[in-house]
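Visitor: I would like to learn how to read a protein model. Could you walk me through one, feature by feature?

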Amino acid sequence: MNPIYERDAVAVTVRRAQRGDAEAVRAIRNHAIEQSTALWTQTPQSPSESAAWLAAHLERGSAVVADLDGEVAGFAVYGPWRELDGYRHTVEDSVYVREGRHGLGIGSALLDALIASAREAGHHLMIADIEAGNVPSIRLHERFGFHHVGTVREAGIKFGRRLDLTIMRLSLT
């Protein structure tokens, strides 16, 4: 996919994440925590928290990274949408691209691989919970067939602002 707002798509390799990617993933994740409303927390992950978080995804086989010239340029994961067993076939995705690497098709490559991985694992539905003002993420998900389910007004708060949550869904079957 090469949408019109992407500058120039680059040749990126998407592969399963490995334990050795934990620090690069943490750096990308912490940048999103500190600088954006993509993650609704203001507490950066420590190295041990990040390693444990990634280890849970590695155990499930639900984490991929984008390698661009030997650098982890982004990552994507899916995990349980809700903890109750009735939701066991529904997963939630997260896609993050390293600062300065946006618009190169990396997010598209990551989401494509993540959807394929979730389908291969036998999941039925993928949910995207996106801060309503994050138009690039909403458009990315729309390009992959996600449909808008609804928007929950003032569902969260960060940087002293109330945030709306856009919920999108994709059938994997």
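This is a predicted model: local features need pLDDT of at least 70, side-chain atom pairs count only at pLDDT 80 or more; totals for chains, interfaces and linings use all residues.

Visitor: Is His 57 buried or exposed?

Guide: Buried means under 20% relative accessible area, exposed over 50%, and partly exposed in between (1.4 Å probe, protein chains only). His 57 has a relative accessible area of 6%, so it counts as buried.

Visitor: Which residues is His 57 in contact with, leaving aside its neighbours within four places in sequence?

Guide: Contact means heavy atoms within 4.5 Å. For His 57 the list is Ser 62, Ala 63, Val 77, Tyr 78 and Gly 79.

Visitor: What about Arg 26: where is its place?

Guide: Arg 26 sits in helix H1. With a relative accessible area of 18%, Arg 26 is buried. Not counting residues up to four places away in sequence, Arg 26 touches Gln 45, Ser 46, Pro 47 and Ser 50. Arg 26 and Glu 49 are 23 residues apart in sequence, and their C-alpha atoms are 9.1 Å apart in space.

Visitor: How many bridges join strand E2 to strand E3?

Guide: Two strands pair if DSSP finds at least two bridges between them. E2 and E3 run antiparallel and are joined by six bridges; Val 65, for example, has Phe 75 in E3 as its bridge partner. Their hairpin has two residues between the strands, and Asp 69 there takes a positive phi near 55 degrees. As for cover, eight of the 10 residues of E3 are buried.

Visitor: And in what sense do E3 and E4 pair?

Guide: E3 and E4 pair in the antiparallel sense, over seven bridges, with Asp 93 in E4 as the partner of Tyr 78. E4 and E5 run parallel, joined by three bridges, and Glu 92 has Ile 127 in E5 as its partner.

Visitor: Which residues touch the most other members of the largest nonpolar core?

Guide: A nonpolar core is a set of buried Ala, Val, Leu, Ile, Met, Phe, Trp, Tyr and Cys residues joined through side-chain atoms within 4.5 Å. In the largest one, of 26 residues, they are Ile 106, Ile 115, Met 126 and Phe 146. H3 gives the most to this core, with six residues. Apart from it lies another core of 14 residues, among them Val 25, Leu 39, Ala 63 and Val 77.

Visitor: What volume does the largest pocket have?

Guide: On a 1 Å grid over the protein atoms alone, a pocket is an open set of points where a 1.4 Å probe fits, with protein on both sides within 12 Å along at least five of seven lines; lining residues have an atom within 4 Å of a point. A volume is the space filled by probe spheres set on the points, which are joined across faces, edges and corners. Here the largest pocket has about 1,200 Å³. Of its 46 lining residues, the closest to the centre are Ala 38, Val 95, Tyr 96, Asn 134 and Ser 137. E4 gives the most to the lining, with six residues.

Conventions: Residues are numbered from 1 along each chain as its sequence is written. Side-chain values use heavy atoms; hydrogens and water are left out. Helices (H or I, at least four residues) and strands (E, at least two) are DSSP runs, numbered from the N terminus.
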